[in-house]
Structure formats: structure tokens, C-alpha cells
Amino acid sequence: MGDKFLRPDYIFESSWEVCNKVGGIYTVLSSRAKTLQDEIKDRIIFIGPDFWKEKESPYFKEEKSLFAEWQWEAKESRLKVRVGRWTIPGEPIAVLVDFNPFFEQKNEIYSWLWENYGVDSLHAYGDYDEASMFSYAAALVVESFYNHFLSISDKVVYHANEWMCGLGALYINNKLPQIGTVFTTHATSIGRSIAGNQKPLYDYLFAYNGDQMAGELNMQSKHSIEKQTAMFVDCFTTVSDITANECKELLDKPVDVVLPNGFDNSFVPKGSAFTRKRRAARRRLLCVANALLGEQLDDDTLIVSTSGRYEFRNKGIDVFVEAMNRLLRDKDLKKKVLAFIEVPGWVGEPRKDLQERLQSGEQYDTPLEVPQVTHWLHNMSHDNVLGMMKYYDMHNRKDEQVKVIFLPCYLDGNDGIVNMTYYDVVLGNDLCIYPSYYEPWGYTPLEAVAFKVPCITTDLAGFGLWANKEFGHYGELADGVKVIHRTDYNYSEVADNIKDTVAEFSCMTKKQVDECRKKADELSRRALWSEFIQYYHEAYDIALRKAESRKNE
């Protein structure tokens, strides 16, 4: 299949999340890098924002000898760059650029953007300026590198991720037409905004006018750069069929290729190491829960969780709490359930009283006060999760079968309570639940199944739709992934469906559970980058062919 595609000699890929771990795009790029690095070693070059300056970054190690002559030349032309390696599997080359110097040219840059591409930057606020200046700086890095090292005979692709990198893609399109441009929107800014503002997105998608909604929701500038970039690049892409539909309706531009997000499972432990790590995770989670609740929950407890960004409605955190509340009264539930909400909130500090209990190693039979949360928050009285639990009188009482605990911090290994990384925690679960309302792809369910944990997701998540396609039917628990049908209005049914699925899981025999885990693992293997990279080659090919035709003009 690969032979008929034009292959790039060089790929430059820019994103706000290169060497900057803030969201799911970091996972997309960092897990895909090794596959591309194996194919065109050191000719895939990532460009990210330099936030670290003199400080040591955990994601980047500088190599002053890499392209030393060009580094010197770039500095001469007032481009502040640092070149090195992104510390991820494959260790690809990364260039971090300081975009602050360009703020003083902001008005000229925005005028150029308006005159050439009709992008409205007048209504900019928040992160728009910062992202745009980075995007501009990233394009200058490519221009400088190209002029120093490359020539018209090289096949070069510039790949921009999200609206944040749109300006750079348009700059390249204008100044270096011999480079093929690819633009990926991982979620349309206006679609996410409609969903986040409690408006029904899906039933009315055909009727929404993206430009009009952008005005209504104060999103004109982000929407404008996203839409114009989609219009002018050589190849416009997104991550799932569900978002492709959103692009067509809200950006008035169908995508050229869908690039599903794959996974690199090289860091999933194997064999006895997996068993050991799973035991350790369960021990730690039960230990934290018992200290907080004053209970003696044992290893027979069903451990379930949800995780992701703190988008209360979009990520379905509200439905998760609702489902756990209903589960409290479910007659079919055969085991105790310990449910964690692993979502970073506005965290203050780890609870001293909980730390003391954990250090003492003793068993307690009285709960701590507020036994629903592991870390104190800055806004305890205004937090959505705690507010909903309080409304439903969910206080993790002794006699209740279901205990819900909010773990409101990044699981980076040193949060002060769990002190394990997310990947070391996730494999301790029996079941993961991600009832998203707005989820262009959905890494959390994919990560869960890669660690052999069956999960529940919805058909409003790109991953859920993909799983249904792979199965040839709606995913059931026995398939390793249960896919629930979700619409704008069936919140209550979704909550019931989750409740019933957890109850069903609690009744399964060990043999059934093992089969379920095996199926989850099998599905995850069909989503490896080695399976999905072909779609990228298709996108590069489209972009390169358009660039080639311009070279001949």
C-alpha cells in the first residue's frame, strides 16, 4: 500500500504540546513519534514553545551540537531557539522557540493575516495572542531551517496541530509554497464551546452556522483562524468520523483524511511485571480509601474510575456521579464498589490528616471529615463534583456498598497521597468508565484497554464509534468495551446503563472477567500506531502532490 504514496524527506510538526504536557495532544504526538522516527530517523522535527528557558525541562534535553551552524545562524537573525531531543520513546529532534519577542509585531502580523487570509483577530482574548505568536515563531523556524539545509528537490511537509498552529501553516503556505501543509483539528473550537455551554450539539448540528455561533459564544478569532486554515492548507484532517462531521457543518469544509489516534504500548508492562504492578496499584488505592473512610475494604472490592480533563459535562463526569448514586440502591450489585474520580481540579494541598493515617500504617474504623476527597481544594464550596455529591447526600457512609472518592490532582507520582503515576494506577482498576458527551477521539478508554482494563464509553466518543466499527455491532461488556448510545437528551438512560453494566460486571465469574480483559487487550492492539500510521502517509501524500504541482507552475 505504501508504494504509491509520495513520502516526505522531512516532516516539521508544530504543536503547543510539544515537550509541554497539558492535554491529550501530548499523548498523540509523543506516542506516534517513535513510529515516524523509525521510518525517517531525525527527519521528523517537532517544534514547541520554550517555556523553560534556563530551567531544566523534564521533557527535553538540549544538544548544542545538533545543527550547530544553523542554531548560530538562527540566533543571528533574532530567532531564539533551543535544539535537542524530546525525552519520549524514539527521542525525536525537538526545537523549542521563544515566541515572546514577536508580541511587539503582533499588530503587523494580524494585519498580514487579515489581508492575505481574511482571519479576524480583532476579537482575540485569553490564549489567542500567545498561541498565535508561538505559531508565527514556529513557522519562522521552519523557514530558516529550510533556507539553510533544504532545497526545491526535497519533499517537505509542515504539519500544524489545532487552531493554535494555524497562523504558522498559513505563513508557510504563503512564503514557502514548495512545502506541503497538513492541518489537524483535534476538536473544533466552536463545537467544544457549544457543548461546554450546555447547548445541544448533535441534533442541531446541521442547523448551526459556525460563524454565527462563534459570534454568539465570543469565539470569533479562534473560529476564524481554524476555519481559514482548514480552507487554505493542502490537506485538512481530524481525528474521528464524529469530528469530521462537525468540521463539515461548523467549518464548512469537509476533511481530506481522518487520522485516528493510535497508541504505543511499549511501556505497558508484560507478564509477571504486569501482575506485580496491578497488585501494587490495587493495594495503594485500597489503602488510601481505607485510611480516608475508616473501612477495611479488601481486594474483592470492585475498583472503578473515570479520568480526564475537568470538563464536567463534556467528559460525562456528571453522569458518572449520577450512575454511582443510583448504584447505591441497586439490588443486583454483588460486590462493594470503590469509585475514583481522577480529574485534576483546583487543588490546594494533600490532606495532612490523610497523610498521617497513611504513614501510621494502622487500621481505622472512623472516617475523616469530608471523606469524599483526598486533597483540599481552593474552592471546596464551589466544586462541581463535591457539589453534586453533596446534593445527592453521598457521604460514603459505613453501610453503603458504593464509595466515591475524588482524587483532584495530576497523578504524576508525587501528589503526596497516592504517589503513583497515572499509568501505574490505571491498571489497578477492574473497570473504567468514560461516559463522554463531547470527545473527538478518547485516549482514556484506549489507554484503559491497553492495560487490559475493560471500559465503558459512548458513541459520542470517536474511540467508541471506532470500536463499534471494529466489532460490527455496539460494543458489549463481553467485547472488552461497552459502548453506550448517547444523545443530547438521554442523560438519565446513560446513567442507568452504566449502573446496570457495573452491576452485571459484579456478577461475572473469574473466567468471564478474564475473557473480558483478554478482549480489551485484543482491541487495543488494533489501535496501535503501526496500524494507524498509514492514514498519515495518505495525508502527507495529498499535501506533497499539491506542493509538487506548485513547484511546476
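**View 1. Asn396, in the loop between α13 (384-391) and β14.** The model shown here and in the other views is predicted. Asn396 has a positive phi of about 55°, although this residue is not a glycine. Most residues other than glycine have a negative phi. Asn396 counts as buried because its relative accessibility is 4%, and buried means under 20%.

**View 2. Gln198, in the loop between α6 (189-196) and α7 (210-216).** Gln198 is a residue other than glycine with a positive phi, near 65°. Is Gln198 buried or exposed? With a relative accessibility of 55%, Gln198 counts as exposed, since the cut-off for exposed is over 50%.

**View 3. The open sheet of six strands.** The strands follow the order β14-β11-β10-β15-β16-β17, and their pairing is parallel. Which strands stand at the edges? They are β14 (402-407) and β17 (481-484); each has a single partner strand, so one side of each is left without a neighbour in the sheet. On average, neighbouring strands of this sheet are turned by 20° against each other, direction ignored.

**View 4. Pairing of β11 with β14.** Strand β11 covers residues 337-342 and pairs with β14 in the parallel sense. Six bridges make up this pairing.

**View 5. Pro408, in the loop between β14 and α14 (422-426).** Pro408 has a relative accessibility of 0% and therefore counts as buried. Which residues does Pro408 touch, not counting those up to four places away in sequence? They are Val343, Pro344, Gly345, Val347, Val373, Thr374, His375 and Leu377. For scale, the C-alpha atoms of Pro408 and Lys248 are separated by 36 Å, and these two residues are 160 residues apart along the chain.

**View 6. Glu311, in the loop between β10 (302-307) and α11 (317-327).** The side chain of Glu311 makes a polar contact of 3.1 Å with the side chain of Asn314. When residues up to four places away in sequence are not counted, Glu311 touches Arg192, Gly316 and Ile317. Is Glu311 buried or exposed? Its relative accessibility is 16%, so Glu311 counts as buried; the cut-off is under 20%.

**View 7. Leu286, in helix α10.** Helix α10 consists of residues 271-293 and includes Leu286. Leu286 is buried, with a relative accessible area of 7%. The residues that Leu286 touches, not counting those up to four places away in sequence, are Leu297, Asp298, Asp299, Thr301, Ile303 and Leu338. How many residues apart along the chain are Leu286 and Ser132? They are 154 residues apart, and their C-alpha atoms are separated by 46 Å.

Terms used: Residues are numbered from 1 along each chain as its sequence is written. This is a predicted model: local features need pLDDT of at least 70, side-chain atom pairs count only at pLDDT 80 or more; totals for chains, interfaces and linings use all residues. Side-chain values use heavy atoms; hydrogens and water are left out. Helices (H or I, at least four residues) and strands (E, at least two) are DSSP runs, numbered from the N terminus. Buried means under 20% relative accessible area, exposed over 50%, partly exposed in between (1.4 Å probe, protein chains only). Contact means heavy atoms within 4.5 Å. A polar contact is a pair of N or O atoms within 3.5 Å; within protein, one must be able to donate a hydrogen and the other to accept it, and residues adjacent in sequence count only if both atoms are side-chain atoms. Two strands pair if DSSP finds at least two bridges between them. Axes are lines fitted to C-alpha atoms, for helices over the stretch in contact, and angles run from 0 to 180 degrees between N-to-C directions.
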